[in-house]
Amino acid sequence: MANEVDILKLPVQDPPGKEFSSSHLIWYKFEGHRHTVDEIALIPYARVDDFLKGEADNVECPTRFRIESGRKRVRLSSTKMRQPTEYTEFRLYWCAFGPDNYGESGTALPSKKFRTGGRKRAVRPEAMRGCMCHFIIKRLFVRPHIAVIVYNQRQHVDNTGTLCHGPLDRNSLGPRTMTHPYVSDELRQQAMSMIYLGISEENILQKYMENAETFGRSGSGGDLASKYVQKLEVVIKRSTYELDPDDLSSVRIWVERHPKNVFFYQDSTDTGSFILGIQTEWQLQQMIRFGNNSLIAADTTFGINKLKYPLYTLLVFDSNYHALPVAWVITRSFASDDVRKWTKALRDRIHAKDPSWKLSGFTVDDAATEIATIRDVFQCPILLCLWRVRRAWLKNITKTCSNMEVRREMFKRLGHIMYSPWTGVDSVDAVAEFMQDFVDQSGFLKYFKSRWVPKIGWFSTFMDA
């Protein structure tokens, strides 16, 4: 067990990455002034903010830490002998859910009435649940470039040793435990993703309450949850996406403001095409969870925006076989090099979280997709979603042809073309015959010639693959 003199002999730890938490550090036992055993670690003083952010982003107990108390000493004389542990700055950080307890079975600490000139407490006192998690950060006179972290209590528990907040705690939402819906970063990000997709409020609310119940919350807080979902919708509607009159400049500004939600970005230049890959933290977690040893489907949508850029939506399927969007890619380029760039960036982002993550298959629905590149990056089989192709054909036939009998016959003949690699029929001859028999359907033939005729050999490629 280290003593005060041994503190300066401990190694200074500088974990890689932008943010880190206590789990990334090696802790040493230290006997405190009150005969308690604390844990201690040394980090560069410049990385204190990175530690605070990483420590607050706790999956099991998401929180934030506030300064409960602090002191700062002025260096009066550089010649004065200093003790090894004498500090120039001292700050006590406490979890926002403590130390007072305003829960159903809790009361404010007795010390509360004596804090007349203390720092401001949490925004909502009713959210405080007696959490005892706290630590001290010191900056020493003799080594001002390092920060000494002294953890008095690393667990988010109350004075009885019981977990008092977070997804794993079932009964600690203050005085309205049974009616308050649980709100975490994961639930909030999921709700916002569904709002961005245009899903109805009823479906968002239903999914929101189902997920809240998985964290131990009662379904009786429907009104409060509905108000929260409506509040998120208002926030999104009020936020502008046109940050600059120039579209490319607007995109650049958005990317700079949301670096955590962008896994790949390439500006449009004379030598490179525009590529924007978007993925929130919640989507990354779902991709790791449901995509590992499973399928990912690429859904391609054309011309839904003013600039007519294709939108690729990558989907995984949860335990109930519901499709979840886990990434979006906006680009016009189908070149192998460009496809390799964003697929490799997405794969590397996942492997940074879970190196063992691996796909079982990748499903595509567009003839322009670079199947060889995707297969090489993800090291998995590439599957063709025939249903999506037939759906696109049927939608265009319905739009351009009004005769039901002609529609039925055209769709039947297109099915023969689609399955020609498996039936032994020459696909080129089948296409030529189809276009000759339906020469009067100029609307569909124009679409079919421009989109599909140059890529009919694609089906044979998949069969060989």
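In this predicted model, strand β1 and strand β2 (residues 37–44) pair in the antiparallel sense over four bridges. The two strands belong to an open sheet of six strands.

**The six-stranded sheet**

- The strands follow the order β1-β2-β6-β5-β4-β3, and their pairing is antiparallel.
- Strands β1 (28–31) and β3 (65–72) stand at the edges; each has a single partner strand, so one side of each is left without a neighbour in the sheet.
- From one strand to the next, the twist averages 30°.
- Within the pairing of β1 with β2, lysine 29 has glutamate 39 of β2 as its bridge partner.

**Helix α12**

- Helix α12 spans residues 427–437, and its buried residues are Ser427, Ala430, Val431, Phe434 and Met435.
- These residues cover an arc of only 130° around the axis, which means that they lie on the same side of α12.
- Val428 and Gln436 are exposed on the other side of α12.

**The nonpolar surface patch**

- Leu295, Phe317 and Leu383 form a nonpolar patch on the surface, and their accessible area together is about 220 Å².
- One of these residues, phenylalanine 317, lies in strand β10, which comprises residues 311–317.
- Phenylalanine 317 counts as partly exposed because its relative accessibility is 32%, a value that falls between the cut-offs of under 20% for buried and over 50% for exposed.

Notes. Residues are numbered from 1 along each chain as its sequence is written. This is a predicted model: local features need pLDDT of at least 70, side-chain atom pairs count only at pLDDT 80 or more; totals for chains, interfaces and linings use all residues. Side-chain values use heavy atoms; hydrogens and water are left out. Patches are made of residues with over 30% relative accessible area and no salt bridge: like charges are joined within 9 Å, nonpolar side chains (Val, Leu, Ile, Met, Phe, Trp, Tyr) within 5 Å. Accessible areas come from the Shrake-Rupley method with a 1.4 Å probe; for residues, only the protein chains shown count as cover. A salt bridge is a side-chain nitrogen of Lys or Arg within 4 Å of a carboxyl oxygen of Asp or Glu. Buried means under 20% relative accessible area, exposed over 50%, partly exposed in between (1.4 Å probe, protein chains only). Two strands pair if DSSP finds at least two bridges between them. Axes are lines fitted to C-alpha atoms, for helices over the stretch in contact, and angles run from 0 to 180 degrees between N-to-C directions. The arc is that of the directions from the helix axis to the C-beta atoms.
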